[in-house]
Amino acid sequence: MRTNTKPIDYRIDKTARLAGGYGPYAAKQDAEALLRRSVMACLLWEDNFYEDGVSNSENIKNLIPRVEPQKVFDIAVEARTKQKLRHVPLFIAREMARIDTHKGLVGKLLPQIIKRADELAEFLAIYWKDGRQPLSKQVKKGLAQAFHNFDEYQFSKWNRDNQVKLRDVMFLVHPHPGQKAELFKKIADNELETPDTWEVALSAGKDKKETWTRLINEGKLGALAFMRNLRSMEQAGVERSVIQKGFDTINPRWLLPLNYFATAKHAPNWEREIEALMLRGFAQAPKLPGYTIFVVDVSGSMTQRLSPKSEFTRLDAAVAMALIASETCEHISIYATAGDDYRRQHKTEKIRPRRGFALCDEIKQAANRLGGGGIFTRQCLEYIREHETEKPDRIIIFSDSQDCDLPERRIPKPFGIKNYIVDVSSHSRGINYQGVWTAEISGWSEHFLEYIFAYEGLGVGREEE
């Protein structure tokens with residue numbers, strides 16, 4: 001019997017392969033890491049390229065009991081507050097309520113993840129998805145406390161005539177009125193004041209031009225509402241000077257790059273102003289020091305939509321993150337990479353250092369040149385290393401983590417001082433091999449750079465809203 005055998009690589013999971021099952025072996029990760037990656041990029045119950053929405057929700061459901069309750073709690077809070085995901089944190093809370101070891105934290109969790117008044121009823125709809133049943137003590141406690149997160153305007157704005165109504169939730173959980181006794185009575189009696197919103201004004205048949213003009217001049221139109229309705233304002237004949245006032249006065253701080261992309265697509269006459277607003281939003285952000293190499297996966301799977309209901313692709317998300325990085329890194333080089341699946345060879349090229357929408361166009365043009373094959377992470381990194389004269393402080397790869405290299409090939413060897421994988425997908429397996437990558441960051445929120453700031457001990461990039 002031989003004793004001097006080849007060592008086992010415990011970093012890989014030989015039960016799963018990447019790229020739909022024909023790429024290299026996936027990374028072996030513990031339940032917490034697998035839960036995090038499935039949650040942070042999740043659009044619950046919506047299909048993605050390699051996994052359908054139902055199997056992904058089942059994966060999350062099966063992982064929750066295997067992860068310590070407090071860690072599940074923290075992942076749910078992060079998904080809601082950092083990643084801006086609405087449904088998956090509610091789903092996590094519902095699943096925690098089923099488990100004896102986890103249900104004790106539900107009462108504390110719900111007030112922290114219910115950030116919009118309609119989510120009170122939405123959680124109850126999720127709770128009853130498999131059939132109507134009594135609410136647990138912790139669920140009642142959490143929902144009752146969450147009622148105190150909102151004022152009359154918020155309740156009125158999100159009071160929908162759905163199957164589960166806001167007043168239904170209140171009657172079931174009996175929140176302590178405290179100083180809100182009068183407000184809670186209005187909810188019970190369906191007598192909430194009608195909010196002064198653009199939706200209410202337009203649904204009442206008021207003149208669009210007058211409505212938009214008034215809301216902009218009175219500062220009652222938020223940044224997201226302004227951007228989403230820019231085309232409507234233009235079509236209604238709102239004066240250019242009024243719309244410009246909106247651009248000058250709204251706060252872009254909480255807008256995502258995809259919001260700008262969508263607005264520029266639907267209101268192209270305002271592209272210059274949209275871009276200026278976008279760059280203004282990044283102007284106050286701190287710079288990530290040193291030299292950063294940012295690699296954008298432009299492979300075929302990245303052309304898939306983020307969800308069946310989304311107009312954006314994974315590549316749009318990757319381009320958006322590259323745009324953020326280009327504005328908030330002190331010194332940066334950006335590469336695009338894909339490959340030839342038949343020949344199993346990478347195709348990688350450096351992107352011209354442009355700004356704003358021009359940078360986005362450069363990356364998408366590179367995607368057309370590099371073809372629709374998959375990403376070959378190891379080969380890509382070797383190519384970049386050969387063409388770089390300066391050692392980077394960090395390498396950031398933005399991908400769907402579906403490496404297409406041959407299973408027997410060597411695993412990637414990143415050469416930065418710090419090396420990160422930012423994964424846009426919610427697949428059950430990824431390529432964060434222990435000891436190879438500094439960290440895998442799941443999801444595509446703009447907060448991925450804040451994570452890097454914190455990880456490297458540089459402080460958090462922005463304050464919380």
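Helices here (H or I, at least four residues) and strands (E, at least two) are DSSP runs, numbered from the N terminus.

A quick note on the model: it is predicted, so local features need pLDDT of at least 70 and side-chain atom pairs count only at pLDDT 80 or more, while totals for chains, interfaces and linings use all residues. Residues are numbered from 1 along each chain as its sequence is written, and side-chain values use heavy atoms, with hydrogens and water left out.

**Two helix pairs**

Two packed helices are described by the angle between their axes and the distance between the axes. Axes are lines fitted to C-alpha atoms, for helices over the stretch in contact, and angles run from 0 to 180 degrees between N-to-C directions.

| Helix pair | Axes come within | Crossing angle |
|---|---|---|
| α7 (residues 137-146) and α9 (residues 166-173) | 9 Å | roughly 125° |
| α4 (residues 87-96) and α6 (residues 119-127) | 9 Å | roughly 50° |

α7 passes α9 in a left-handed crossing; left-handed means the near helix is turned anticlockwise from the far one by less than a right angle, and right-handed means clockwise. On the α7 side K140, L143 and A144 make the contact (heavy atoms within 4.5 Å), and on the α9 side V169, L172 and V173 do. Sorted by class, that contact has five nonpolar, no polar and one charged residues. For these classes, Ala, Val, Leu, Ile, Met, Phe, Trp, Tyr, Cys and Pro count as nonpolar, Asp, Glu, Lys and Arg as charged, and the others, Gly among them, as polar.

α4 and α6 are oblique to each other too, and α4 passes α6 in a right-handed crossing. Here α4 brings H87, L90, F91, A93 and R94, and α6 brings E119, E122, F123, I126 and Y127. That contact has six nonpolar, one polar and three charged residues.

**The protein overall**

The protein has 21 helices and eight strands. Of its 465 residues, 54% count as buried (under 20% relative accessible area, with a 1.4 Å probe and protein chains only). Among contacts between residues at least 6 apart in sequence, 72% join residues at least 24 apart.

F376 sits in the loop between α19 (356-370) and α20 (377-387). F376 counts as buried because its relative accessibility is 0%. F376 and S299 are 77 residues apart in sequence, and their C-alpha atoms are 9.5 Å apart in space.

How values were computed. Angles under 35 degrees count as roughly parallel, over 145 as roughly antiparallel, 65 to 115 as roughly perpendicular and the rest as oblique. Buried means under 20% relative accessible area, exposed over 50%, partly exposed in between (1.4 Å probe, protein chains only).
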